[in-house]
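Me: I'm new to this one. Can you walk me through it?
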Amino acid sequence: MSGFLRNCPTYLANGLLVGCLYALIAMGFNIIYSSTGVINFAQGEFAMLGALLAYQFSTRPHLPLSLAVLVSLMLTALIGLAVERTVIFPLRRTPIINMIIATIGVSIFLKAVARIIWPEEAYNVPPFTSGSFTVLGITQRYQGIWVILLTAASVAAIYLFYRGTVAGKAMRACSINRQAAELSGINVSRMSMYAFSLSAALAAAAGFINAPAASYGMGLSLGISGFTAAVVGGLGNPFGAVLGGLVIGILESITSGFLQVVLGLSSGYGEAVIPLVLIAVLLFMPQGLLGRGEKIRV
Amino acid sequence: MRALPSAGSREERRVWLIKALPPLFFIVLISIIPFIEGSLKSIFEIKFVLVMRTVGIYAILALGLNLLLGYAGQISLGHAAFMGIGAYGTAILSGKGVFGVHLSPYLSIPLAVALTALVATAIAPVLRLKGHYLALATLGFGLFIYVVIRELKQLTGGNTGLFSLPKLPLPFVQLGSMKQSNAWKVEYFLIWAIALLLIAFARNLVESRPGRALQALHHAEVAAEAMGVGTASYKAKIFVMSAALAGLAGALFAHAQGSLNPKNFGVVFSVNLLVMVVVGGMSSVWGCVAGSAFVVLLPEFVNNTLPHWLGRGKVEMGANVEGIVFGVTLILVMILMPAGITRGLSDLFRYRRNPLRNPFRKEAGL
């Protein structure tokens with residue numbers, strides 16, 4: 001027990017960093033969900049593409065890391081845009097479930113393509129700053145600071161975009177009522193395009209700050225955790241997603257530490273924590289931490 | 001001879017024939033496959049008996065999910081877990097043994113199905129949730145069961161799984177002592193007999209009083225409630241039945257395969273099941289067969305038939321091409337036949353309509 005307590009700050013710090021990744025992915029989920037109603041199963045694959053593209057541009061053309069990351073961000077956003085135009089747009093007159101299944105198709109497709117280009121099991125994405133430091137008994141990589149900074153910057157950027165720009169306001173209008181938004185002259189289909197490229201870019205960021213690990217198969221678990229974070233924060237609320245991500249990350253880290261150190265269970269059980277939290281949140285507070293309750297009228 | 005149910009006018013007879021023809025055609029097709037297996041193998045390079053055995057098992061799973069999703073309108077992303085409970089239930093009871101007792105599969109299969117139904121009853125309260133939230137809750141359930149199966153190593157063998165499970169039980173026939181290829185054929189017929197019986201059962205169910213109640217609660221839950229349909233209890237019942245079907249399919253899978261691995265019961269498979277239902281056609285009983293055939297046969301075709309026809313080695317094409325073709329085809333089916341393959345086919349053959357027209361265009365009001 002004392003060992004567990006001593007390690008608690010480390011668990012907390014690790015959880016915070018993982019939570020930042022989840023938050024970025026969850027934010028993307030909610031941006032797409034709020035403006036189109038679609039749950040994007042390819043979100044984890046966007047993160048995978050972000051990481052592997054950053055790896056590619058920093059090794060083969062050997063660009064400086066900052067440039068490689070920027071190129072990866074823009075390319076992934078473009079892929080998100082292409083996905084919206086080629087898959088979601090033609091499906092706009094079908095039930096939502098068709099779009100969701102189509103995003104499953106997209107995720108299978110992207111994973112297969114990535115596997116052809118990057119067939120190895122693991123690639124090393126260089127961290128922004130290598131090395132580590134120790135504060136208050138917690139040893140962390142310098143990359144951890146970048147993770148927090150980048151997440152904070154992304155959240156701030158999305159906030160400013162939503163509050164300050166016409167496109168952002170239009171997207172919020174779509175999330176409140178798509179039909180009314182369309183009637184008041186908002187190009188809903190263009191908003192869906194923006195939403196996909198924006199959230200692809202966010203996922204890409206989550207992918208490459210997760211240095212050094214990257215592989216074609218990394219999308220699934222990131223996607224599921226991000227998904228959970230999105231629901232815990234309140235589906236459709238991009239800022240709730242940040243809170244949801246942090247809560248999930250920290251909870252996962254601390255409970256799996258507890259299971260291992262105190263109860264002596266294998267670390268595999270840690271993976272059962274997220275699903276349990278998911279079910280509990282859904283049953284007892286389905287509106288999430290920051291979501292608005294929905295009133296259903298007959 | 002018993003009079004046909006449509007002994008009336010010529011027109012009625014014609015309609016009946018058109019309705020009865022596709023299932024009859026399908027049953028004939030299913031029954032001749034094992035007898036022409038050799039020539040099919042030389043054309044397509046696919047072991048059809050083995051592959052179609054899997055399609056039969058998946059069709060039972062898809063049927064269960066379709067009753068829930070297509071008819072009652074309740075989604076589940078946790079059906080692979082129910083399949084896993086059924087599969088591991090019977091495998092542990094009959095193959096691995098509990099306290100040294102090995103039950104006969106005749107007993108262990110019903111027990112495993114009952115266990116699945118029990119677990120489904122226990123988590124039926126999640127059906128209070130709707131839409132995406134229900135999808136997520138069942139996804140969480142599926143993940144949880146997957147982790148439990150993987151981590152309960154003493155019982156389930158963990159990641160290595162369970163091996164040398166007993167064969168499917170049959171009176172008069174000992175599958176274990178047969179030639180492997182003959183045993184596969186017997187299993188094939190057994191599984192398809194069960195699948196077709198269940199399909200017939202599902203057809204009758206959806207056209208019975210409870211079936212109409214389910215469809216009513218799908219389209220207008222409040223209206224159904226107001227008309228005296230006990231929506232909560234109907235939802236719970238169909239959920240448990242759907243889970244029990246998944247458990248049965250899992251049990252058949254365990255005995256047919258002879259080995260189990262937790263990988264077969266993860267979230268990916270739950271998602272695949274959803275794909276089967278939607279691609280085959282929601283609220284179409286035959287869609288389950290079409291959807292599971294799509295999910296199983298397309299990769300087989302890409303991996304075996306295409307290299308054979310193009311005269312290339314298997315390795316050259318590999319699993320990557322499979323993913324690309326599968327992903328693209330999935331997207332195309334969703335765009336071109338949004339109501340599923342069976343709806344597209346029936347548009348073409350029964351109504352002579354363009355199969356690629358979008359049946360949702362009017363409903364969406366766009």
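**Contacts and core**

Reply: This is a predicted model. To start with one residue, Ile101(A) touches Leu274(B), Val275(B), Val278(B), Leu330(B) and Met334(B), leaving aside residues up to four places away in sequence.

Me: Which residues touch the most other members of the largest nonpolar core?

Reply: Ile101(A) is one of them, together with Trp192(B), Leu260(B) and Phe294(B). That core has 199 residues.

Me: And which helix gives the most to this core?

Reply: Helix H3 of chain B, residues 48-71, with 17 residues.

Me: OK, now the interface. How many residues does the contact take from chain B and from chain A?

Reply: 45 residues come from chain B and 45 residues from chain A.

Me: What area do chain B and chain A bury between them?

Reply: About 4,000 Å², with 80% of it on carbon and sulfur atoms.

Me: How many salt bridges across the interface of chain B and chain A?

Reply: Zero by the rule used. As for polar contact, the count between chain B and chain A is one residue pair, with both residues at pLDDT 80 or more.

Me: Which helices of chain B each supply at least two residues of the side that touches chain A?

Reply: Helix H6 (131-151), helix H12 (267-280) and helix H14 (314-336) of chain B. H6(B) gives the most to that side, with twelve residues.

Me: What is the side of chain B that touches chain A like by class?

Reply: That side of chain B has 34 nonpolar, six polar and five charged residues.

How values were computed:
Residues are numbered from 1 along each chain as its sequence is written. Chains are lettered from A and ligands numbered from 1 in the order in which they are written. This is a predicted model: local features need pLDDT of at least 70, side-chain atom pairs count only at pLDDT 80 or more; totals for chains, interfaces and linings use all residues. Side-chain values use heavy atoms; hydrogens and water are left out. Contact means heavy atoms within 4.5 Å. Buried area is the accessible area (1.4 Å probe) that two parts lose on being put together, summed over both. A salt bridge is a side-chain nitrogen of Lys or Arg within 4 Å of a carboxyl oxygen of Asp or Glu. A polar contact is a pair of N or O atoms within 3.5 Å; within protein, one must be able to donate a hydrogen and the other to accept it, and residues adjacent in sequence count only if both atoms are side-chain atoms. Helices (H or I, at least four residues) and strands (E, at least two) are DSSP runs, numbered from the N terminus. Ala, Val, Leu, Ile, Met, Phe, Trp, Tyr, Cys and Pro count as nonpolar, Asp, Glu, Lys and Arg as charged, and the others, Gly among them, as polar. A nonpolar core is a set of buried Ala, Val, Leu, Ile, Met, Phe, Trp, Tyr and Cys residues joined through side-chain atoms within 4.5 Å. Buried means under 20% relative accessible area, exposed over 50%, partly exposed in between (1.4 Å probe, protein chains only).
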